Structures are given as structure tokens and as C-alpha cells.
Amino acid sequence: MVNAAVDKIKSGTYSGWINGLLGVVIFSGSLPATRIAVLEMSPFFFTFLRASIAGMLAILLIVGFRQKRPQSAQLRPLIIVSLGVVIGFPLLTAIALQHVTSAHSIVFLGLLPLTTAIFGVVRHGERPHPAFWIFSVLGSLFVVGFALKQNVSVSLTGDLLMLAAVVVCGLGYAEGASLTRTLGGWQVISWALIISLPLMLVATFITRPTALSTLSASAWLAVGYVSLFSMLIGFIFWYKGLAAGGIAAVGQLQLLQPFFGLALSATILHESVSPLMLAVTLGVILCVAGSRKFGRRV
């Protein structure tokens with residue numbers, strides 16, 4: 001009986017890491033796609049539009065599968081998720097990408113695992129092994145060191161916006177993962193999108209450009225990607241992974257996102273990827289192995 005329980009825990013942890021990795025791969029295209037879009041449209045219109053499209057898709061999911069409304073106790077966490085990952089992170093990163101390149105901003109995502117883990121501990125009582133924090137902090141130091149080596153006078157605004165985006169996103173991840181255990185992964189992000197939809201629709205109308213016809217096909221493809229994948233499908237895998245494998249532990253997979261994102265930035269946007277960027281990315285990837293081992297207290 002004890003062995004069966006252990007096997008169930010191991011199976012859930014393994015599933016959590018697989019789902020988490022799928023979510024990270026999907027999220028890796030978010031910043032390059034955002035960079036493409038904000039070259040032709042305002043970050044405000046882009047943020048509100050992507051949330052509106054995803055929100056309408058979420059209504060179809062909720063109605064189509066006849067899901068019950070969230071309980072009153074779940075509304076506050078859902079609002080936090082909405083403010084963090086539906087509005088806060090997309091808007092802050094979209095504004096930041098008007099000041100810095102996609103390749104530069106992606107490396108800041110290496111701080112997401114630390115902020116997610118901290119909120120997982122503070123908000124939901126997770127207690128990773130002490131060694132976990134060594135690897136988590138070390139990975140974050142790689143990122144901070146990279147930022148300090150850059151030309152701060154040029155990118156200070158973009159860097160501060162990316163740091164703020166990472167904090168609100170970490171909070172949204174932790175809240176969403178906790179809710180997933182009782183509400184379900186796709187239900188959490190769907191209800192968060194629906195809660196913000198009325199405001200997003202009005203904001204989209206107010207901030208719309210005068211001539212939508214001037215936007216290129218690549219800009220619309222970018223909007224489509226972030227609306228369908230970054231705002232909806234990616235979170236289905238991500239929240240399921242965090243809930244099954246632990247917020248702090250699986251959250252460390254975000255350290256891999258800069259690697260995938262830099263590859264996309266170099267391939268799609270033809271942005272330069274410096275040796276320092278690669279060194280930082282490889283450093284944070286090495287920290288995943290240690291975080292994976294000590295993600296749960298034994």
C-alpha cells in the first residue's frame with residue numbers, strides 16, 4: 001500500500017514536469033510574437049485585443065463543456081490570476097519591448113522561477129528543500145548579472161518593466177496553480193479571461209488604431225499566436241504541471257524558456273544573440289537539474 005502511494009506520487013510528479021515543459025515551450029514564442037506585433041500597433045491595443053480574443057474563446061470552452069461557475073471563495077484568486085497573467089504581464093512586457101529587443105527581454109524570464117517559488121511559499125505554504133533555494137537563487141543571479149552588464153542608460157526603462165512583469169506573473173502563476181487543484185487547469189485560465197473580458201473589450205475599442213487594414217499579416221499572426229497559445233493553451237499545460245509537480249519545483253522549468261526564446265528571436269526576428277546571452281542561458285539551464293532534484297522536501 002505504501003509502495004502504491006509512492007508510485008502515485010512519482011507518477012504525478014513526472015506528469016507535472018511533462019505538462020510544465022509543454023507549457024514553457026508554448027510560452028517561449030510569446031515575447032518574439034509580442035515584439036513583432038508592437039512594431040506595428042500600440043502595446044495597449046495589443047494587450048487588450050489578445051485578452052479579448054482569448055476571453056471569447058474561453059466562453060466557448062466554458063459553455064461548450066457546461067462548466068459550473070466558480071465558488072465565491074475562488075473569485076478573489078481568479079481576479080489575482082487575471083491581473084497577473086491576463087493584464088499585468090502582457091501589458092508590461094509589450095511596453096518593455098518598445099525599449100529593448102526580444103532577445104534582451106527573454107533573459108529576464110529566468111527570474112520567473114524564483115518569484116513563482118516565493119509566492120508558492122508565502123501564499124500556499126510550500127516548503128522546498130533548502131538546497132532548492134541555492135539553485136533557484138543561483139539561476140536568478142545569472143539573470144541579474146546579465147542585466148547589470150548591459151548598457152543601463154539605454155535599457156533601464158525596459159529592464160524595470162520586465163522586472164515588474166516577472167513579479168506579477170509569478171504571483172499569477174502561484175495563484176492559478178493552487179486553484180487548479182480544485183477548479184481544473186483550463187477552467188482557471190478560462191474564468192480569469194472571462195472575468196476580465198468586459199473591461200478588455202471596452203479597452204480594445206478605445207485603443208483601436210484608425211486603420212487596421214495597414215497592419216501586416218505577420219502582425220496578425222503574432223496576435224493570433226499569443227491569443228490562442230500564450231493566453232489559453234499554454235496555461236492549460238502550465239497550471240496542470242504546477243499543480244501536479246509542485247509550484248516551486250515545476251516552476252523552475254521557466255529557466256529553460258530563455259533558451260527556447262533566444263533561438264526563436266535569432267531565427268524569426270534575426271536579432272543578434274551575444275555570447276554573454278548564451279552563457280547566461282546555459283547557466284540557468286544547469287540550475288534546472290539541481291532545482292528538479294530538491295524541488296520537494298523529503
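Student: How many cavities of 30 Å³ or more does the structure hold?

Tutor: The structure holds 1 cavity of that size. Keep in mind that this is a predicted model.

Student: What volume does the largest cavity have?

Tutor: About 120 Å³.

Student: Which residues are closest to its centre?

Tutor: Phe27, Ser30, Phe89, Tyr173 and Ser230. They belong to a set of 15 residues that line the largest cavity.

Student: And which elements give two or more residues to that lining?

Tutor: Four helices are named here: helix 2 (30-38), helix 4 (72-96), helix 8 (152-183) and helix 10 (217-245).

Student: How does the lining divide into nonpolar, polar and charged?

Tutor: The lining of the largest cavity has 11 nonpolar residues, 3 polar and 1 charged.

Student: Back to Ser230. Where does it lie?

Tutor: Ser230 is in helix 10.

Student: Buried or exposed?

Tutor: Ser230 is buried, because its relative accessible area is 3% and the cut-off for buried is under 20%.

Student: What does Ser230 touch, beyond residues up to four places away in sequence?

Tutor: Ile26, Phe27, Ser30, Arg50, Tyr225 and Phe235. Two of those names, Phe27 and Ser30, also came up as residues closest to the cavity centre.

Student: What about Ser227? Which helix is that in?

Tutor: Ser227 lies in helix 10. Ser227 is buried, with a relative accessible area of 2%.

Student: What are the contacts of Ser227, with sequence neighbours up to four places away not counted?

Tutor: Ser227 touches Arg50, Ile53, Ala54 and Leu232. Arg50 is also on the contact list of Ser230.

Student: New topic. At what angle do helix 4 and helix 9 pack?

Tutor: About 75 degrees, and the axes are 9 Å apart. Helix 9 covers residues 185-207. That angle is why helix 4 counts as roughly perpendicular to helix 9.

Student: Which residues meet there?

Tutor: From helix 4, Leu78, Ile79, Val81, Ser82, Val85, Val86 and Ile87. From helix 9, Val188, Ile189, Trp191, Ala192, Leu193, Ile195, Ser196 and Met200.

Student: Staying in helix 4, is Gln74 buried or exposed?

Tutor: Gln74 lies in helix 4 and is buried, with a relative accessible area of 10%.

Student: What does Gln74 touch, leaving out residues up to four places away?

Tutor: Leu179, Thr182 and Leu183. The C-alpha atoms of Gln74 and Ala117 are separated by 21 Å.

Student: Where does Leu97 lie?

Tutor: Leu97 is in the loop between helix 4 and helix 5 (102-106).

Student: Buried or exposed?

Tutor: Leu97 counts as buried, because its relative accessibility is 0%. Leaving aside neighbours within four places in sequence, Leu97 is in contact with Leu31, Thr34, Arg35, Val38, Ser102 and Ser105.

Student: How far apart are Leu97 and Arg76?

Tutor: They are 21 residues apart in sequence. In space the figure is 30 Å, C-alpha to C-alpha.

Student: What is phi for Arg66?

Tutor: Near 50 degrees, a positive value in a residue other than glycine. Most residues other than glycine have a negative phi.

Student: Where is Arg66, and is it buried or exposed?

Tutor: Arg66 is in the loop between helix 3 (43-64) and helix 4. Arg66 counts as exposed, because its relative accessibility is 77%.

Student: Last one. Where is Ala279?

Tutor: Ala279 is in helix 13 (residues 275-293). At 42% relative accessibility, Ala279 counts as partly exposed. The C-alpha atoms of Ala279 and Pro77 are separated by 37 Å.

Note on methods: Residues numbered from 1 in each chain as written. Predicted model: local features only at pLDDT ≥ 70, side-chain atom pairs only at ≥ 80, totals over all residues. Heavy atoms only, no water. 1 Å grid on protein atoms, 1.4 Å probe; cavity = no way out; pocket = protein on both sides within 12 Å on 5 of 7 lines; lining within 4 Å. Points joined across faces, edges and corners; volume = space filled by probe spheres on them. Nonpolar A, V, L, I, M, F, W, Y, C, P; charged D, E, K, R; others polar. Buried < 20%, exposed > 50% of the residue type's maximum accessible area, 1.4 Å probe, protein only. Contact = heavy atoms within 4.5 Å. Axes fitted to C-alpha atoms, helices over the stretch in contact; angles between N-to-C directions. Parallel < 35°, antiparallel > 145°, perpendicular 65-115°, else oblique.
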